[in-house]
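Try each task by yourself, then walk through the solution.

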Amino acid sequence: MPLWMPPEDFIRLVELGPLVSIDLLVVNPKGELLVGKRTNRPAQGFWFVPGGRIGKGETLEGAFARITETELGRALTLKDATSAGSWTHLYDDNFMGRPGISTHYVALAYRIDLDLDLAALPAEQHGAYRWVAPSDPDAARADGIHDNTIAYFAALEA
């Protein structure tokens, strides 16, 4: 079980260093990418892939199972996924909305080929879900899909 710290300690960590997260690139049989409308910071209000941060003392395997359970409603293993590389995500915002503190993530992206019932997905981090075709980055950006998610489009074409 990961160690989670009080918000005042965590904001200090956000201020001083990068965080490590797992992003889930869930692709359905049509080749569409799962995105959810973020309800919290950073990237609040944008369409973004599901994912979450790795906690202190948590293994990569344990974090992957926890994050897939929390974000997709079912625990998966790393054997169910293919690495899509590591990515840098920089935000001017932070989870508390505190001025002057940016957020820096090193995101480990994993592709999962899976067809999901959008209505059955957890609503803790995302207010709505949908599938997007990763074909036109400019149209996706205009549609409210976050640049960090659009960057994954190239990884899906490889």
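**Exercise 1. Find the residues with the most contacts inside the largest nonpolar core, then see which elements build that core.**

Step 1. The largest nonpolar core holds 25 residues, and L25, L33, V49, I145 and Y152 have the most contacts inside it. A nonpolar core here is a set of buried Ala, Val, Leu, Ile, Met, Phe, Trp, Tyr and Cys residues joined through side-chain atoms within 4.5 Å. Buried means under 20% relative accessible area, exposed over 50%, and partly exposed in between (1.4 Å probe, protein chains only).

Step 2. Two or more residues each come from helix 1 (7-16), strand 1 (19-27), strand 2 (33-38), strand 3 (47-48), strand 5 (82-91), strand 6 (103-113) and helix 5 (152-157). Helices (H or I, at least four residues) and strands (E, at least two) are DSSP runs, numbered from the N terminus.

Step 3. Apart from this core lies another, of 18 residues, with L34, A81, L121 and W131 among them.

Before going on, a word on the model: it's predicted, so local features need pLDDT of at least 70 and side-chain atom pairs count only at pLDDT 80 or more, while totals for chains, interfaces and linings use all residues. Residues are numbered from 1 along each chain as its sequence is written, and side-chain values use heavy atoms, with hydrogens and water left out.

**Exercise 2. Work out where E58 sits and what it touches.**

Step 1. Look in the loop between strand 4 (51-53) and helix 2 (60-72), and you'll find E58.

Step 2. With a relative accessible area of 14%, E58 is buried.

Step 3. Its side chain reaches the backbone nitrogen of G55 at 2.9 Å.

Step 4. Skip the neighbours within four places in sequence, and E58 is in contact (heavy atoms within 4.5 Å) with P2, R53, A63 and R66.

**Exercise 3. Is P7 buried, exposed or partly exposed, and what is it in contact with?**

Step 1. P7 belongs to helix 1.

Step 2. The relative accessible area of P7 is 47%, so P7 counts as partly exposed.

Step 3. Beyond its neighbours within four places in sequence, P7 is in contact with F95 and M96.

How values were computed. Polar contact = N/O pair within 3.5 Å; in protein donor to acceptor, adjacent residues only side chain to side chain.
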